[in-house]
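Please examine the sequence and the three-dimensional structure shown here.

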Amino acid sequence: MTPIDLRQFQPDVIVVGAGNAALSAAISAQENGARPLIVEAAPFEERGGNSHYTGGAFRFAYDGVDDLLEICPAMAEEDLTQIDFGTYTEEQYFDDMFELTQFRTDPELCEILVRSSKETAKWVAQQGVKMWPGLGRQAYKVDGKFRFWGGLALHISGGGPEMLAALYARAEVLGIPVAYETPAVELLRDGDRVTGVAVMSKGERVELRAGAVVLACGGFESNPEMRARYLGPGWDLAKVRGTRFNMGAGLRMALAIGARSHGNWSGCHSVAWDVNAPPFGDLAIGDQFQKHNYPYGILVNAKGERYVNEGANFHSHTYAKYGGEILKQPGMFAWQVFDDKTRHLLRGEYRIRRVTKVESDTIDGLAEQLDGVDTEAFLRMVRDFNAACRTDTPFDPNVRDGRRTEGLAIDKTNWANPIDTPPFHAYHVTTGITFTFGGLKVTTDTAVESEFGAPIAGLYAAGEIVGGLFVHNYASGTGLMSGATFGRIAGRNAARHAQVADTETRATA
């Protein structure tokens, strides 16, 4: 890694952040004739923001296997006769976004996300990012054939780390410099135009000038004070699923110059996370502290009670909402309980060495090991749950099978199997926050708007710092897609703005 002399380098576009959205913006700016510079608060070893901690789900619209082959040509060499990819049309994508956000998603941004998604997937693949069918994660083998559900046919091979490796390699080929351990602290202006960023480098404040700035440095999920202020009491105690560097600095800088806030500032993406995970994401473990297969078991709190409908939908439509429900439970923890019938459906995250797990050949023996749980209440709940399961409906993990309970205070509406086959096993979880939903208001060109609705000249934003797309809930794979889609748009428009600004400067010189 060659050190950058920030005082000598003269970029056209400065990109703040170094994850998926930021790299997409920088690469796009370079493609559109600009000279970008990336400034990143983290050291080289921790670069990549939250993108490093994602499993690689990538949600885009497709009409069939031919669309998938355009993005992943290597699939043609495999036997596809035993895989039913189905479709995930733009209409299905819109339906999911509207349903999950209770029709509160920003309609203009949502339309760009959905209608650009397939083209974005192609562009990302052109940057060297490899994708492959998500067998075992989004498709189970039933009656000898895999059937995809939930709209996530292709995953990024190797997840976030491999995506970042490919994008960084592409940036290096293009000659895009990255300044690490260089946090941005202030946006610079000339009148009402943003003209650069002040950063801290080696203990000194350095003012970097450029024709445009792209903020792609995430939300405020790493900041306990901001979590408590905006998300509410108790959120300061949540574990952070990803990077420790998303402290809300980009948001504060933008709001300080009059940027308009937008979206669900009291909402966030949060998941079931191992109770003994560290306070922030572990680079060696990545996303494996997550526990997403609860639809095939039951969720139990300290009172020995179920507290949500585990089978309301596929996990990819509920996991980012149900994580926050754990924080509302006594002691801010829960247990995920399974029996042996569904053990084969559990993903690899349930089998890592650093997992908080108990197991027993009897349900009574399991109950005694559930730390913090009312044993007698738990056993009564399991008996009632088992009796309420409608076993006359076939179990099918690839569809919302309607195998439900009847007569419970909270019925499970799909995948309801009695907990009756030993060995029994349970996993101790708490809330792990991924990113915050509130952010900046941007135009369809990703220009940051002022409090009065006009674009702030020279300032663009992409990724998790943008507000409005996600409200109340989130569909798996839309985060990476949003970052790449709007990062690409931001880089392109920042490059164009920088070129116009340069022309105007030369004309007045």
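The points below are grouped by topic.

This is a predicted model, in which local features need pLDDT of at least 70, side-chain atom pairs count only at pLDDT 80 or more, and totals for chains, interfaces and linings use all residues. Residues are numbered from 1 along each chain as its sequence is written, and side-chain values use heavy atoms, with hydrogens and water left out.

**Domains**
- The domain assignment, which is automatic or taken from a database, gives domain 1 (13–219 + 441–508) and domain 2 (270–432).
- Between the C-alpha centres of domain 1 and domain 2 there are 33 Å.
- Domain 1 supplies 25 residues to the contact and domain 2 supplies 23 residues, where contact means heavy atoms within 4.5 Å.

**Interface**
- About 2000 Å² is buried between domain 1 and domain 2, and carbon and sulfur atoms give 54% of this area; buried area is the accessible area (1.4 Å probe) that two parts lose on being put together, summed over both.
- Tyr-53, Tyr-140 and Trp-149 of domain 1 lose the most area to domain 2, together 35% of what that side buries.
- There are zero salt bridges between domain 1 and domain 2, a salt bridge being a side-chain nitrogen of Lys or Arg within 4 Å of a carboxyl oxygen of Asp or Glu.

**Glu-172**
- Glu-172 belongs to helix α5 (residues 159–174); helices are DSSP runs (H or I, at least four residues), numbered from the N terminus.
- Glu-172 has a relative accessible area of 66% and is therefore exposed (over 50%, with a 1.4 Å probe and protein chains only).
- The C-alpha atoms of Glu-172 and Ile-27 are separated by 9.9 Å, although these residues are 145 residues apart along the chain.

Terms used
Helices (H or I, at least four residues) and strands (E, at least two) are DSSP runs, numbered from the N terminus. Buried means under 20% relative accessible area, exposed over 50%, partly exposed in between (1.4 Å probe, protein chains only).
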